[in-house]
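Open the structure in your viewer and keep the sequence panel beside it. The stops below say what to select and what is found there.

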Amino acid sequence: MKFANKIAAGAGAAGLALFAALPAWAQEAAAAPAPVVDKGDTAWMMTSTVLVLLMILPGLALFYGGLTRTKNMLSTMTQIGAAACLAMIIWVVYGYGLAFGPEGNAFIAWGKFFLAGVTPDSLADTFSDGFKLPEYVFISFQMTFAAITLALVLGSVVERIKFSAVMVFGAIWLTIVYFPIAHMVWAAGGFLFEGGMFGSALPAALDFAGGTVVHINAGVSALVAALILGKRIGYQKEIMAPHSLTLTMVGTGMLWVGWFGFNAGSALEANGSAALAMINTFVATASAGLFWMLAEKLAGHKPSALGFCSGIIAGLVAVTPAAGNSGPFGAIVLGAVASLIAFYAVTVLKPKLGYDDSLDAFGIHGIGGIVGAIGTGIVYAPGLGGPGGEDFAMGPQVATQIVAVLVAIAWAAAGTVIAIYAAKLLTGLRVSEEVEREGLDLGEHGERAYNY
């Protein structure tokens, strides 16, 4: 028994000596646990990335394609698909570095060009301390945002812009408009991400999934591009009705499904914030779809399938910045208000001003994005069911949201002027009158959407 006690005592002493001999770095490692890469979060983010791709092809392609005339169906879908592919290639070459690079200032980043230094073991931050994502997943997710934003811009210029002009415009626009705005809003150190803009005490901007980066950016750019490109031949003189509202309805459904990746995926984790974004994406959209048809009825028209689809998209746009920044009832009100204002912009303002925004990219994405971005500063309030803290001050936050909207409008407008005139210089920008009358399917691509 004494012998056993001596062995135990000796083992204890040896253990203490071994523990005392541990290097300092091992003790520090014990104090700072390794970051967690949760397989559930990773799987959800990979799924969300694919859902955003669903929004582009086939969602947006069918939505926009159905709204065009028969002779331009394939050209519209081809422009969207090719523009998305272009954005993906540019993103991995230098776009990710310009938006989220390791070095930079308030307006742009740099580094990681050609994804230098990124490996399967590289990690990206989430919104929870200690939890990470594989960097390739974060890169892919953000890549789809760049792709759909460029595709959205094209809604104002289809049926008359050259395919070559789309590609030149897209490359320049992404570089000088999209990447800087994405950095300013979403990247650490960004002008709107950090708050205190223009030396003020304003808080950081709230943009959960892209009200400024995607929708205001795309909508304003679409309006500027349409104004420079000019009206379609016969605009406001000939009937230019959608050739297939059936396909537009199918595209609308795909966009709504894919938008859950867009909004709930922007939580970067499979958690309560993603769940909040999910329910808000349901109810804001449902509210907007119904209120657009109600607005049609009150205006003396029949509630239409086109109105329903337009309202659905307006609701999705408006809730994007508020997805994780609002309670469900705040989202319902936000969707309704955005739908009514977008309805006015499309049915009253656009005809009065006479601009030819072919598929209402500005009227729905631009206007809906502005309403959603500013409204986010209101519905974030805890008193309205939002997730804001007890110290939340609505006035400063709304002021920040207005600043973010104005910055996005100014940057997008200026950059689009440069990009569209560069495309005009290099390609001529617009198809000939003969091709426009014949249709861009044959004139630009040598094929028809329908062969009877």
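Start by selecting R69, E159, R160, R232 and D356, which are linked in a network of salt bridges. A salt bridge here is a side-chain nitrogen of Lys or Arg within 4 Å of a carboxyl oxygen of Asp or Glu. The model is a predicted one, in which local features need pLDDT of at least 70 and side-chain atom pairs count only at pLDDT 80 or more, while totals for chains, interfaces and linings use all residues. Residues are numbered from 1 along each chain as its sequence is written, and side-chain values use heavy atoms, with hydrogens and water left out.

Helices (H or I, at least four residues) and strands (E, at least two) are DSSP runs, numbered from the N terminus. Are these two residues buried or exposed? Both E159 and R232 are buried, where buried means under 20% relative accessible area, exposed over 50%, and partly exposed in between (1.4 Å probe, protein chains only).

The structure holds 9 salt bridges. For another, select D360 and K350, with closest N and O atoms 2.9 Å apart. D360 is in the loop between α11 (328-353) and α12 (361-379), and K350 is in helix α11, so the bridge ties together parts that are 10 residues apart in sequence. D360 is buried, at a relative accessible area of 17%, and K350 is buried too, at 9%.

Next, select R430 and E436, which form a salt bridge at 3.0 Å, N to O. R430 is partly exposed at 22% relative accessibility, whereas E436 is buried at 3%.

Now turn to the strands. An open sheet of 3 strands runs in the order β1-β5-β4, with mixed pairing; two strands pair if DSSP finds at least two bridges between them. Its edge strands, each pairing on one side only, are β1 (36-37) and β4 (123-125). β1 pairs with β5 (residues 131-134) in the parallel sense, over 2 bridges. Select V36 to find its bridge partner in β5, F131.

Finally, show the helices by the sheet. α3 (residues 39-67) lies across β1 and β5, at about 45 degrees to β5. α5 packs on the sheet and touches β4 and β5, its direction making about 70 degrees with that of β5. Contact means heavy atoms within 4.5 Å; axes are lines fitted to C-alpha atoms, for helices over the stretch in contact, and angles run from 0 to 180 degrees between N-to-C directions.
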